[in-house]
Amino acid sequence: MQKDVLPVTRTGKSPERNPMVMEGDMVVGCPVDDTLVLALGIGSMTAEQIAAFLNGDPAMSIKVTLVTWPLKEPSPAGTHGFVAIVPTNILRRGSLKTIMFQHKAKATRYAFASRAASTGDLIAMIADLAGSNLPSVIDGLVEGLISGPIGRKKLAAITVLLQGGARSDGCIELIGGSDEGEIFVQGWAQDLTPSVTRLLISGRTSSLAECAISVFARPDLNEQSSGFAGLLLANERIEPNDIERLLFRGRRGWRFIEVYDRRLIVGARETPSHVRAILPQVRSSTEVLLRMRSAANRFDGTETVSSLPFPVRMGIDNAYRVEGSGILVSGWLLDPDSHVESVKLRRHRGETQLDRDWTRVDRRDVTREFDNKPPFNAGLDPNRHAHGFVAFAPELEGDSTAPFYLELDLSDGRRAFMPLTPTRITSRDAVVRQIRAIDPDAWALRHIVDQQLVPLLRGVSRPAPEIFGVEDLGTFEKASGPALIIGVDERVEEIAPLLALLALDPETRVAPIVISASTDIIDRIGVQVRRLADFYRLRLRLVSASGSEDLYDAMEVGARAVSTDSIVFLAASLLPRSAGWFHRLLAAYDARKECVLSPTLAYEDDSIRWAGTWVAGAQSDRALISRYAGYPIDAVMGMGTTEVATATFECCVLPRNALFSVNGFTRGYLGTHEKGLDLGLKLKQTGLKSYWLPSAQMLGSDDISVSDKASTIALIERIDRQVFDARWANALTQARPVVDRGPSAESEVKA
């Protein structure tokens with residue numbers, strides 16, 4: 001043991017004072033986390049805070065908190081036991097071997113035992129040394145640990161300490177969940193005071209919590225006990241089932257309240273009624289009682305707006321839930337006196353404020369319905385009709401089984417609720433239904449499109465459509481060559497003409513043909529396709545798709561059902577203009593190999609519908625255009641194969657693996673025009689070029705729904721254009737079309 005050793009000051013000189021006496025032995029270390037260690041030992045120190053040096057290094061000087069107690073039996077090592085709370089972050093992950101405490105004129109050096117103790121082992125050793133002082137020791141340790149930042153490991157150590165030293169004080173008989181994170185607890189205790197107090201939740205996950213406690217009389221208990229009702233708000237999410245004990249500091253030290261094994265656990269919808277039932281009986285501070293009243297006024301599954309005593313009423317027209325995007329809500333709120341401060345969409349613990357970004361709409365029908373009727377007896381302003389609203393909210397987090405509802409925060413502190421039952425539909429159906437529900441001449445329509453519908457589509461992240469079923473007709477496995485993928489959508493009611501033309505063409509007759517569509521369309525056309533395949537002896541595979549919303553989704557699923565290196569996409573609404581189109585397409589593709597190549601698409605009057613997609617000039621409102629649209633088809637007959645910005649996927653040949661290398665078609669479009677452009681640009685970014693083959697032609701109509709009005713179709717096109725431009729405008733700013741002036745397709749075929 002060294003003596004007469006002084007710590008070195010920052011100047012490098014020893015301070016002028018009497019030499020210290022060095023003495024000491026060994027301590028047992030108990031790691032709390034990466035920056036904190038508890039050190040148990042015996043000595044003569046009684047101070048609450050003391051200076052210490054880690055590993056005997058004067059540069060590692062720290063302040064430690066000491067919890068001490070007189071020993072049950074005298075010891076040569078000292079008069080008191082102690083536990084030091086030692087911060088170790090100064091070590092920077094170095095090992096801690098010794099610690100030297102400086103107290104008054106003495107410096108005592110302790111070496112750490114080679115084996116560290118767990119928190120449970122430490123409590124057992126303290127119990128042996130402290131005897132009846134154990135509760136006060138643990139109390140001091142917990143106070144010392146709880147004062148600083150608390151991580152998960154530190155919290156676990158505090159919990160173990162309290163479990164070893166706290167005393168039973170009562171039990172919890174009811175636990176109720178809520179949508180706002182607070183948990184309602186009710187039971188009885190002896191040492192709980194009506195106030196807002198900090199406590200610790202012990203259970204599957206330990207957590208610190210704040211609890212607003214109120215008490216009430218319980219005639220069935222002794223005089224020292226009373227009933228309590230409290231609202232727990234933990235630092236992290238805790239479920240009612242996870243709670244086993246509440247640990248708190250009472251008037252006589254740390255106590256715990258055990259969860260009764262026959263406790264009642266109620267859900268968020270039932271909890272408000274239990275709070276309302278106990279509210280007249282409880283007493284506490286004004287703050288706590290206000291919290292209790294607020295908890296009693298939470299959503300319990302019922303609509304409460306219509307029972308408000310002042311002029312506020314609300315109605316919901318439609319609520320659509322788009323998987324992978326969010327909720328689209330439309331309705332009306334009549335609030336002429338501005339009682340409503342906010343409108344929130346809520347589910348479980350997720351929420352979003354709708355009225356911050358919603359679009360208001362004129363609703364004269366609402367004005368007429370409520371004018372001069374209770375509680376609107378004062379009459380409504382005849383010039384104000386913007387009671388309607390349309391709002392899109394991204395998907396909320398939380399329990400997927402919990403109900404959606406609207407919450408109205410009122411100026412007097414109350415809340416009112418409107419249950420919401422969204423219908424699960426596709427993004428296209430949600431947008432189209434909303435467009436159809438609004439007067440095309442309404443001033444708010446453009447705002448609804450820009451502020452609600454376009455954000456809904458941009459947020460779509462639904463999974464790719466998948467194969468639901470596959471059925472082979474004829475000798476499909478013996479067919480050779482690129483697979484011909486025929487996509488069918490709701491526009492096609494009769495597929496017989498196309499199959500007949502394919503059967504009459506010697507090349508397509510022996511090709512592997514895949515007919516792919518959504519499950520409901522396959523159910524409609526399946527019988528006809530089976531009959532035609534048998535009659536023409538076609539080698540055909542029938543594929544039904546789940547999650548398919550349009551033609552291109554169906555084609556993508558069809559491509560998943562084959563393994564050929566190359567595939568030919570063909571929309572079922574198209575027909576070959578002349579024989580030999582399949583051979584020309586494949587010959588031109590083979591001449592260039594890895595590319596996407598499409599024929600000319602024409603209307604039945606021989607005017608051009610599509611003859612290549614090109615980057616538009618600055619004067620155009622579109623990023624990409626079809627340059628020869630509307631020209632007679634003879635105008636392009638003499639042209640050779642030409643490189644274009646993108647091909648058309650209504651009819652094209654491409655490498656199958658290229659389609660899936662970019663995750664197929666992008667979701668979030670209403671129609672197929674921009675959806676096809678999007679895929680073409682994604683393939684172009686990977687280095688895959690696109691070509692147009694003028695000498696092959698297909699006949700067909702535009703991709704529009706006959707059930708939609710012209711105004712609806714125009715809006716759908718504009719929305720898709722906005723979604724597309726938002727994704728690709730920057731990439732197309734500097735792009736220019738490239739023309740391949742190589743040999744014509746006819747010369748390639750001859751070669």
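Modeller: Over residues 736-751 the pLDDT stays under 50, pLDDT being the predictor's confidence in each residue, from 0 to 100. For that stretch the model has 29 contacts beyond four places in sequence, where a contact means heavy atoms within 4.5 Å. Residues 1-23 also stay under 50, with 38 contacts beyond four places in sequence. The protein chain averages a pLDDT of 88, and 93% of the residues score at least 70.

This is a predicted model, in which local features need pLDDT of at least 70 and side-chain atom pairs count only at pLDDT 80 or more, while totals for chains, interfaces and linings use all residues. Residues are numbered from 1 along each chain as its sequence is written, and side-chain values use heavy atoms, with hydrogens and water left out.

Now the helix. Helices (H or I, at least four residues) and strands (E, at least two) are DSSP runs, numbered from the N terminus. Helix 5 covers residues 286-296, and its buried residues are Val288, Leu289, Met292, Ala295 and Ala296. Buried means under 20% relative accessible area, exposed over 50%, and partly exposed in between, with a 1.4 Å probe and protein chains only. Viewed down the axis of helix 5, these buried residues fall within an arc of 120 degrees, so they line one face of the helix; the arc is that of the directions from the helix axis to the C-beta atoms. An α-helix has 3.6 residues a turn, so residues three or four places apart point the same way. Thr286 and Leu290, on the other side of helix 5, are exposed.

What lies over the buried residues?

Strand 13 is itself mostly covered, with seven of its nine residues buried. Strand 13 pairs with strand 12 in the antiparallel sense over eight bridges; two strands pair if DSSP finds at least two bridges between them. Within that pairing, Ala212 has Leu231 of strand 13 as its bridge partner. Strand 10 also runs antiparallel to strand 13, and seven bridges join them. Ala189 stands opposite Ser226 in strand 13.
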